[in-house]
There are 2 protein chains.
Amino acid sequence: MSHHDGKMILFLGDGMGGRDVPSLGGRTCLEAADTPCLDTVARLGASGMMYLAGPGVPVGSDTAHMTLVGYDPFTQYRGRGPFEARGVGLEVRPGDVAFRCNFSTLDDEGRITDRRAGHIKSGTAELAAALMERCKGGLDGVQVFFKASVEHRAALVLRGEGLDYRVTDVDPHDVGLAPAVCRPAPDVPDEARAAAQKTADLVNRFVEIAREVFGGHEVNRERREKGLPPANVALPRGAGEAVHLKPFAEIHDGLSGAMIVEVDLVRGLGLYAGMDVLDVDGATGGADTDEIAIARAVADNTGRYDVILCNIKAPDLGGHDSDARAKVRAIEKVDHAIGFLLDTVNWGSTTIMVGADHCTPVSAGDHTGDAVPVVFYGNGVRRDLVEVYCERTAASGGVGQLTGAQVVPLLRNFAGRVTKFGA
Amino acid sequence: MSHHDGKMILFLGDGMGGRDVPSLGGRTCLEAADTPCLDTVARLGASGMMYLAGPGVPVGSDTAHMTLVGYDPFTQYRGRGPFEARGVGLEVRPGDVAFRCNFSTLDDEGRITDRRAGHIKSGTAELAAALMERCKGGLDGVQVFFKASVEHRAALVLRGEGLDYRVTDVDPHDVGLAPAVCRPAPDVPDEARAAAQKTADLVNRFVEIAREVFGGHEVNRERREKGLPPANVALPRGAGEAVHLKPFAEIHDGLSGAMIVEVDLVRGLGLYAGMDVLDVDGATGGADTDEIAIARAVADNTGRYDVILCNIKAPDLGGHDSDARAKVRAIEKVDHAIGFLLDTVNWGSTTIMVGADHCTPVSAGDHTGDAVPVVFYGNGVRRDLVEVYCERTAASGGVGQLTGAQVVPLLRNFAGRVTKFGA
């Protein structure tokens, strides 16, 4: 008898899907990894293939997770900035233009010598407060909000009339260069060009003010005395316009949702979507993350939330670094986490989907729009004939081909958390 | 390492998919054909099933190729005429109403005795010039353009206010009948009926004028003397309204596209879409076509274009003729062409999709909306577990189920020619 008030877990190995790797004998990293627990899930569950946002669309972390939790990225995504800002703890309102920022180090000629200001550990709150004091009257009638987060991370929000988010990054993403001048983006339509120019001008002024305020600040005097690189500029990037997103619970008929994820951008999306975002001690977002601590947090919270989305970042890192061995080891960490859940969760009342938010093949070194293998297991799931979890076997699985937007509806179906459509 | 600036080939056997054939022991023509090269592609590549415009929609050559190269046939297709006219070399502007025409032979009672005027080889340019001379002032304020093409083929374009393309064919598609009177089509909506009536009246006058001009023309006097059927009328059919189609390169972020195809209608679409349409000596469009010459042209041009679409017509002819043996032989020609490409193309930097534009089952004798098997191979493609190319095996392939519109995006993904959507 399947349970009618079931709990749901989306468990993602970030970028876990891939392509054939010559150095692994033509196997994918998933095939080369030792994954007894993932294979158990495949053997006892039902597999399928997922194109997050359609065949061939290489989604980012933000757009992938948007579609998984119930938003249409093609109409509701306007840049990462609002998610970054929300993740840093800034309020973001529809119409705001928001940016991720780094505290960085400039040399005397104004060239960037450290994009992360020596991974600055303290003093950024004071720097941000001093900058906010200077900007408290706004710039040209536009309100300015700036907040520091962990280490070098910060965010900027502009709130006012006549702004446009289609502007270029100030952060040149490389050292030895001066901060780039913010300009209207190449793809900005003619009717929005004036607003984009106004926004770019404001951003450039903001950067100048940050240089002035940070340059002479006590925090940086102390850092110089200690031989540490000063945090003497803030570099905005990833501009985005905030749009109204219905809260997760409203989209999903009152179901409560939580995220246990390691990427700030996705944490910000979770907060933006009105989900609880849970912290896990030992979740580093790196190859050294404590996957058992993450799995325990998932297991411990299945009673508190209807839907938990969990993402372990490490496989994606191996993919971006084109490091097949690192990716294989990271996938084995995901397998350990799944093993913990297999032993711990009450599968009579819980349904899980294990998958990935996109492929990050080591051969591509970036996200691709290839299908990712997924497997559903637990309460309500009809077992299929697939016995192994990998890209090749999942293609003949029982759930068939899905988009990202179809995952929560299918989980809700298995969990008995959906109302009959019709009579 | 996958190549990030890859080339793409869409290789189609026209109408190559089919249904079970009792005379082939229940096999499809694809299964009965000897196709070692197609099977190699399947074994080393990733298969799937494609519904060009949706399950059960039996597309034409024009609508199938429209969706493959990036247009939505449901909103952008308004009849074949504009593609035919463009293929003949007539200029076509948005709003024009265009027709394919045949030079045909009428007897003294005005009945059609030969729809193709004895496959007339010469003199049609003179006939067309004489007709254009008579129509140069326009008809009722509507400009008239008529141009002869190869043999009996020609096209007509009407340009002016208050026209509508929903009118019936003058060509009755059979001999022994008089040319049909052009009328508003049965499905023309009330608000367009007057425009369709005006258009039909113009077409009927055009046919009358063609009879007058051609009847006494020197070209036909000579033909009668030689015992050849005179080309003493032009019969319009396939009316269509020209709509603006964005060029292929504009749809696909600057990628260049070329067609190597054997069907005039598709050649016209290619030109209409701003693609280069390449000629191949020996490409006859028939069962005797030189498939190796076609394959060589594809291989020779992969360096010059980002995307090449190639179509070998012969399998479709066997399907329309309900001739299973002819279709099997034609499929074997496609296999030879694929074999040439396997030996010739640099697959480290090139991705191919092999498939069909629709099924033409010999049991149906026409296009059907069944899924066609497709297979992707080469740069970026993750091998799946399918080992044979046919309708039945492709169903469990790694790329899953696609629409025609998803093919180029998926090819671009494999070829590394797409920008990440999100961050």
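Which side chain does a polar contact of 3.5 Å join to that of A:Asn102? The partner is A:Arg100, where a polar contact denotes a pair of N or O atoms within 3.5 Å; within protein, one must be able to donate a hydrogen and the other to accept it, and residues adjacent in sequence count only if both atoms are side-chain atoms. The model is predicted, with local features requiring pLDDT of at least 70 and side-chain atom pairs pLDDT 80 or more, while totals for chains, interfaces and linings use all residues. Residues are numbered from 1 along each chain as its sequence is written, chains are lettered from A and ligands numbered from 1 in the order in which they are written, and side-chain values use heavy atoms, without hydrogens and water.

A second polar contact, of 3.4 Å, links the side chains of A:Asn102 and A:Arg237. A:Asn102 belongs to strand β3 (residues 97-106) of chain A; strands (E, at least two residues) and helices (H or I, at least four) are DSSP runs numbered from the N terminus. With a relative accessible area of 1%, A:Asn102 is buried (under 20% relative accessible area, 1.4 Å probe, protein chains only). Beyond four places in sequence, its contacts (heavy atoms within 4.5 Å) include A:His152, A:Asp171 and A:Arg237.

A:Asn311, in strand β10 (residues 307-312) of chain A, is likewise buried, at 2% relative accessibility. Its side chain forms a polar contact of 3.1 Å with that of A:His65. A:Val263 lies 48 residues away from A:Asn311 in sequence and 8.3 Å away in space, C-alpha to C-alpha.

Strand β10 is part of an open sheet of eight strands in chain A, ordered β9-β8-β10-β1-β11-β12-β2-β13 with mixed pairing; two strands pair if DSSP finds at least two bridges between them. The edge strands of this sheet are β9 (276-277) and β13 (400-403) of chain A. Strand β2 (residues 46-51) of chain A pairs with β13(A) in the parallel sense over four bridges, and A:Gly48 has A:Gly400 as its bridge partner in β13(A).

Chain B superposes on chain A with an RMSD of 0.2 Å through a turn of 123 degrees and a shift of 0.7 Å along the axis. The two copies are therefore related as by a three-fold rotation axis, the superposition being by least squares on the C-alpha atoms of residues with pLDDT of at least 70 in both. Within chain B, B:Ser396 comes closest to this axis, at 3.0 Å (C-alpha). Only 7% of the interface residues of chain B are also interface residues in chain A, so the copies meet through different surfaces.

How values were computed: Buried < 20%, exposed > 50% of the residue type's maximum accessible area, 1.4 Å probe, protein only.
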